[in-house]
Amino acid sequence: MKILVVDDEKLLVKGITFNLQNEGYEVEAAYDGISAVELVRRGDFDLVILDWMMPEKSGSEACMEIRTFSDVPVIMLTAKSEDSDKIMGFACGADDYVTKPFNIMELKARIRALLRRSAGNKRKEQESSRLRCGDFTLDMSQRVALRGGRVVDLTAKEYDLLEILMKNVRHVFSREKLMDQVWGYTYAGDYRTVDVHIRRLREKLEPDPAQPKYIMTKWGVGYYFQDEEQSAI
């Protein structure tokens, strides 16, 4: 885990850095808000510890600017303890707030808690970008199809066609509807293009393309996707 510590008190930065490195964290330091913003913009930090009062650019200003391009967790350090100041810190985009002077054990505990929460959020985001149906998984963020955990080599249109079918299990799409959604209303091609792509998908995905279990045909209507355990419509 990589942490950026930002404070104009160099002795404080040195002490925090020493303690965090002893915990196994990789630590970089900055001493003003401008440097903090630039480091976050260029770096790949898992968390930022940011002092409220600093020269050149305050911690609140730096935090607001960071929030325009990054959702990295931010812990704000401040000598102010009024609730209104804490509310202002959260309004600037901070995720947590530690009042000086503080116990280093408390700071480390808050870091661990925030990193756990951040990791949980990232995991949920990754899961929400994946579509699972039977033995198939679509990683929609990377536009990758997997079967049994192995990547299936699909063209862009094959992927688009499979995604539409898997997002709408057991929903029967006509060839015209699939043509509209995958190729667009302005496409002037033959509707048999859909049939060709369905055949290629079956060749790549089905154990026996001649007896498909997943990409099904509703004769006279169109195509649909079903789980292996579902019976045909």
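**Entry 1: a strand pair.** I began with strand β3, residues 47–51, and strand β4, residues 74–78. They run parallel, and four bridges join them. I then looked for a residue pair across these strands. L50 stands opposite M76 in β4. I note here that I am reading a predicted model.

**Entry 2: the whole sheet.** Next I asked myself in what order the strands form the sheet. I read β2-β1-β3-β4-β5. The sheet has five strands, is open, and has parallel pairing. Which strands stand at the edges? I found β2, residues 26–30, and β5, residues 96–99, there. Each has a single partner strand, so one side of each is left without a neighbour in the sheet. I also looked up the twist. It averages 20° from one strand to the next.

**Entry 3: helices on the sheet.** I turned to helix α1, residues 10–22. Helix α1 lies across β1 (2–6), β2, β3 and β4. Its direction is at about 170° to β2. Then I checked helix α2, residues 33–42. Helix α2 lies across β1, β2 and β3. I noted an angle of about 140° between helix α2 and β2.

Entry 4: I picked D139 and looked for its place in the fold. D139 is found in strand β7, which covers residues 136–139. Is D139 buried or exposed? Its relative accessibility is 4%. The cut-off for buried is under 20%, so D139 counts as buried. Last, I listed its contacts, leaving aside neighbours within four places in sequence. D139 is in contact with S129, R130, V144 and Y159.

Terms used. Residues numbered from 1 in each chain as written. Predicted model: local features only at pLDDT ≥ 70, side-chain atom pairs only at ≥ 80, totals over all residues. Heavy atoms only, no water. Pairing = 2+ DSSP bridges. Helix = DSSP H or I, 4+ residues; strand = E, 2+ residues; numbered from the N terminus. Axes fitted to C-alpha atoms, helices over the stretch in contact; angles between N-to-C directions. Contact = heavy atoms within 4.5 Å. Buried < 20%, exposed > 50% of the residue type's maximum accessible area, 1.4 Å probe, protein only.
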